[in-house]
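Subject: Structure for you to look at

Hello,

Here is the structure I said I would pass on. Please open it and keep it beside you while you read the notes below.

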Amino acid sequence: MVGFKATDVPPTATVKFLGAGTAACVADLITFPLDTAKVRLQIQGESQGPVHATASAQYRGVLGTILTMVRTEGPRSLYNGLVAGLQRQMSFASVRIGLYDSVKQFYTKGSEHASIGSRLLAGSTTGALAVAVAQPTDVVKVRFQAQARAGGGRRYQSTIDAYKTIAREEGFRGLWKGTSPNVARNAIVNCAELVTYDLIKDTLLKANLMTDDLPCHFTSAFGAGFCTTIIASPVDVVKTRYMNSALGQYSSAGHCALTMLQKEGPRAFYKGFMPSFLRLGSWNVVMFVTYEQLKRALMAACASREAPF
């Protein structure tokens, strides 16, 4: 067995809740530059047509985007919005991942055999609920990642300043901008991510291809990241564009999507696909492997406290 051994007692909802938030923060710390590169590629060319956008593209590819940002804005620019990102993960992942098993058991009425429908319903529920809790942190994170430090004044000076400025200039609703596409995105992401991970892991264990340890968690997480990127990229691009837009630029998320289609064509919906995959794939691997180990470590710690001798 690799890593911490699984305990006989299943992890409690509190352990899953805290473990998910902590694991997601660890994953964000490691993969945040890829997420920032993805955001820059997604918003690139939004004020131009497809021909002009391609001709004058500032960022080209994942590595090119990262190198350009480091050269023009400094290495710290790769971590723009990290504070808001960690705030988001601690509140967001705790709900959407930490409560997934509990909600799944609720829909299956405690049955050990959960259907795909029950898993999808549980993923949609926790994904939507997480957005309701963490939307302002997501708006601030995207705004910070999108702003360039070179060639002009910065849009926001700090995380607190961003919250205050958005609330003052755009009203309370500004902090909840893009909630609809974000609910759609995270319901889709949560279903693709958690359900795919759940199914791959169950299949590997039931077929005795792997045991419940790190290689199994790694394989399941990588597969989940790939499936999630393919399914969620279009909604993710629209969400990023809409959240980052100036007041009045788009009347709705649907208008944003239609404008993208008319000005940049269908390929615009997969802008930043490679950094999205690199980010989601690596994020899923780090998060799920850390999450599985944290659950075991926390349960082992609880057991040792209850029975010290």
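This is a predicted model: local features need pLDDT of at least 70, side-chain atom pairs count only at pLDDT 80 or more; totals for chains, interfaces and linings use all residues.

Residues are numbered from 1 along each chain as its sequence is written, and side-chain values use heavy atoms, with hydrogens and water left out.

Start with threonine 228, which lies in helix H9 (residues 214–244); helices here are DSSP runs of H or I with at least four residues, numbered from the N terminus. Threonine 228 counts as buried because its relative accessibility is 0% (buried means under 20% relative accessible area, exposed over 50%, partly exposed in between, with a 1.4 Å probe and protein chains only). A polar atom of the threonine 228 side chain lies 3.3 Å from the backbone nitrogen of glutamate 193. Neighbours within four places in sequence aside, threonine 228 is in contact (heavy atoms within 4.5 Å) with Val189, Ala192, Glu193, Ser233 and Leu280.

Now the rings. The structure holds seven aromatic pairs (rings of Phe, Tyr and Trp, the last by its six-membered ring, with centres within 6.5 Å; planes under 30 degrees apart are stacked, over 60 edge-to-face and the rest tilted). Tyrosine 270 and phenylalanine 273 have ring centres 5.9 Å apart and planes at 55 degrees, so this pair is tilted. Tyrosine 270 is partly exposed, at 37% relative accessible area, and phenylalanine 273 is partly exposed at 25%. Ring pairs also link Phe222, Phe226 and Phe277 into a cluster.

Regards

Terms used
Helices (H or I, at least four residues) and strands (E, at least two) are DSSP runs, numbered from the N terminus. A polar contact is a pair of N or O atoms within 3.5 Å; within protein, one must be able to donate a hydrogen and the other to accept it, and residues adjacent in sequence count only if both atoms are side-chain atoms.
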